Amino acid sequence: MRKLGLLFMSIVLVVTLSACGSNASGSSSGSSKEIVFWNPFTGPDGTNMQKMVDEYNKTNPEYKIKNISLKEGEMYTKIQTVVNSGKNVPDLMIVHAERIKQYVDNEMLTSYDEYLSDYPEIKEENYIQEAWKIGDLNGSRYSIPLDIHSFVMYYNKDLVEKYVPEALDDNIVTFDEIKAAGEKSQKDGITSLGVTWVKPNIFSLYAQNGGELTENGTDPTFNNDQSKASFQQWIDLYDSHITNKDGEDPAQLFLQEKLIFYPEGIWMNNNLKDAKFEYGLTNAPQLTDDKSKMVNWSSSHQFVMFNSKDRSDEKAKGVVDFIDWVRDNSLEWAKAGQNPASLKIIKEPEYQKMAQSFLLNDPEEQASLKIFDYKYNGYVSEELDAKGIDIIFGKTPLDQALADIQKTLEDKIAKDTSNK
């Protein structure tokens with residue numbers, strides 16, 4: 001239903017967009033001393049971003065930031081339309097890292113190359129490597145990272161102590177340890193592992209199994225042994241009653257102290273702060289306790305400039321002024337439960353007390369952060385979101401589902417016209 005709703009919203013937006021005036025769309029203006037900034041932060045994190053914008057504007061920059069938060073589906077539909085029309089293009093926008101390759105191949109993005117010489121601190125060594133490298137394409141810099149947000153795992157400290165007390169000694173919880181805990185906890189009506197967002201759960205395990213989404217950069221390779229092993233791991237846990245049942249809400253089970261391990265994003269921490277028990281945050285479930293083989297699926301919000309004839313060089317420099325300020329002032333974004341991409345955050349004492357900081361403090365943890373930068377990552381994500389849960393809960397046979405996903409991916413890619 002959610003996907004149908006987004007599709008309907010997209011259709012309505014395309015039909016009605018031409019009626020929107022410049023004020024309604026937050027348009028860019030060549031003569032304006034205002035930078036129009038689109039982003040998808042419509043939840044609690046939107047408040048944090050607005051605070052950052054307000055603080056920046058208080059510094060009295062030549063170009064002030066006008067912050068416009070849009071629902072994600074609406075924003076991505078709208079940007080395609082305005083760039084194609086050349087009208088009302090925002091001066092600055094946040095996009096997810098996985099979309100950048102397609103935007104570059106479709107020649108939709110403006111490079112930062114001619115502006116960065118005046119900003120010596122916006123450079124690779126000052127950012128998380130996995131978030132930085134995603135914006136370097138064809139020898140040019142097309143994006144600058146705001147953050148790197150990861151899918152990890154929350155755990156109930158009392159339940160871990162009761163059922164698998166040594167599991168967190170190394171800050172790695174293996175699937176074997178999760179299974180061992182569940183075999184003991186079942187008799188007490190306690191579930192070991194929550195079946196949450198399938199895409200990052202499978203992607204994390206898929207990478208641990210050595211899986212790649214493509215071999216040549218274009219053709220998908222998802223129907224393979226690595227996918228089968230990743231899904232089978234979850235299917236076996238479900239069949240053994242280690243996970244929650246179909247229809248049960250793992251978030252509610254966790255808050256009711258009936259779930260030991262709750263895989264979720266670092267951004268969910270603010271939603272759990274009112275829990276009536278002590279919980280911790282650790283790495284996503286792992287196949288092994290070998291830290292060098294650890295994987296935590298991640299994505300990144302990235303600053304980009306879409307092509308616009310109305311954005312002057314002076315305004316583009318104003319954009320980079322803001323990005324440089326964010327690099328130096330990202331604590332407020334960490335308060336939203338995110339991990340800023342700027343390594344300066346590690347020096348902040350307040351950040352060191354935040355649950356998600358363990359991912360950046362340790363170089364081996366940093367190395368575990370995995371962004372799948374496959375050009376058609378979005379198509380794979382759509383298929384996992386649509387079909388993954390039914391695979392785990394046994395509603396669709398695994399071999400059939402993977403064959404269907406592979407065929408759908410091939411069909412979608414065949415219709416894609418970018419870089420052809």
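Does N171 count as buried, partly exposed or exposed, and at what relative accessibility? At 22% relative accessibility, N171 counts as partly exposed, because the buried class holds residues under 20%. The legends below describe a predicted model, beginning with the whole protein and then moving to single residues.

**Figure 1. Overview of the predicted protein chain.** The secondary structure comes to 19 helices and 14 strands. The C-alpha trace spans about 70 × 50 × 35 Å along its principal axes. A compact globule of 420 residues would have a radius of gyration near 22 Å, and the protein agrees with this because its own value is 22 Å. Of the 420 residues, 55% count as buried. Among contacts between residues at least 6 apart in sequence, 77% join residues at least 24 apart.

**Figure 2. Surface and charged side chains of the protein.** The protein exposes about 18,500 Å². Carbon and sulfur atoms supply 46% of that area. There are 45 positive and 66 negative side chains. The centres of these two sets lie 5 Å apart.

**Figure 3. The largest nonpolar core, with F303, F306 and F322.** This core has 81 residues, and F303, F306 and F322 touch the most other members. Helix α13, residues 313-328, gives the largest share of the core, seven residues. Apart from this core lies another, of 48 residues, and Y155, I260, Y374 and I413 are among them.

**Figure 4. Close-up of F322 and its contacts.** Residues up to four places away in sequence are not counted here. F322 touches F37, V53, Y56, I65, L92 and F303. One of these, F303, is also named with F322 among the residues that touch the most other members of the largest nonpolar core.

**Figure 5. N39 in strand β1.** Strand β1 covers residues 34-39. N39 is buried, with a relative accessible area of 0%. Leaving out residues up to four places away in sequence, N39 touches M49, N67, I68, S69, L70, M75 and I94.

**Figure 6. N88 in the loop between α4 and β3.** Helix α4 covers residues 72-85, and strand β3 covers residues 92-96. The phi angle of N88 is near 65°, a positive value in a residue other than glycine. N88 is partly exposed, with a relative accessible area of 21%.

**Figure 7. F151 in strand β8.** Strand β8 covers residues 149-156. F151 is buried, with a relative accessible area of 2%. The C-alpha atoms of F151 and N296 are separated by 6.2 Å, although these residues are 145 residues apart along the chain. Beyond residues up to four places away in sequence, F151 touches T196, W197, P200, N201, P263, E264, G265, W267, A284, N296 and W297.

**Figure 8. T282 and N171 brought together from separate parts of the chain.** T282 is found in strand β11, residues 279-282. N171 is in the loop between α7 (157-163) and α8 (175-185). The two residues are 111 residues apart along the chain, and their C-alpha atoms are separated by 6.0 Å. T282 counts as buried, at 0% relative accessibility, whereas N171 counts as partly exposed, at 22%. Phi of N171 is near 60°, a positive value in a residue other than glycine. Leaving aside neighbours within four places in sequence, T282 is in contact with V152, M153, Y155, L168, N171, I172, V173 and F358. Y155, in this list, is also among the residues of the 48-residue core.

**Figure 9. G217 in the loop between α9 and α10.** Helix α9 covers residues 198-208, and helix α10 covers residues 225-239. G217 is partly exposed, with a relative accessible area of 35%. Apart from neighbours within four places in sequence, G217 is in contact with Y374 and K375. K375 lies 158 residues from G217 along the chain, and the C-alpha atoms of the two are separated by 7.1 Å.

**Figure 10. S381 in helix α18.** Helix α18 covers residues 377-392. S381 is buried, with a relative accessible area of 7%. Not counting residues up to four places away in sequence, S381 touches K199 and F203.

Definitions and conventions
Residues numbered from 1 in each chain as written. Predicted model: local features only at pLDDT ≥ 70, side-chain atom pairs only at ≥ 80, totals over all residues. Heavy atoms only, no water. Helix = DSSP H or I, 4+ residues; strand = E, 2+ residues; numbered from the N terminus. Rg over C-alpha atoms; globule rule 2.2 N^0.38 Å. Buried < 20%, exposed > 50% of the residue type's maximum accessible area, 1.4 Å probe, protein only. Contact = heavy atoms within 4.5 Å. Areas by Shrake-Rupley, 256 points an atom, 1.4 Å probe, with all protein chains shown as cover. Lys, Arg positive; Asp, Glu negative; His and termini not counted. Charge placed at Lys NZ, Arg CZ, Asp CG, Glu CD. Core = buried A, V, L, I, M, F, W, Y, C linked by side-chain atoms within 4.5 Å.
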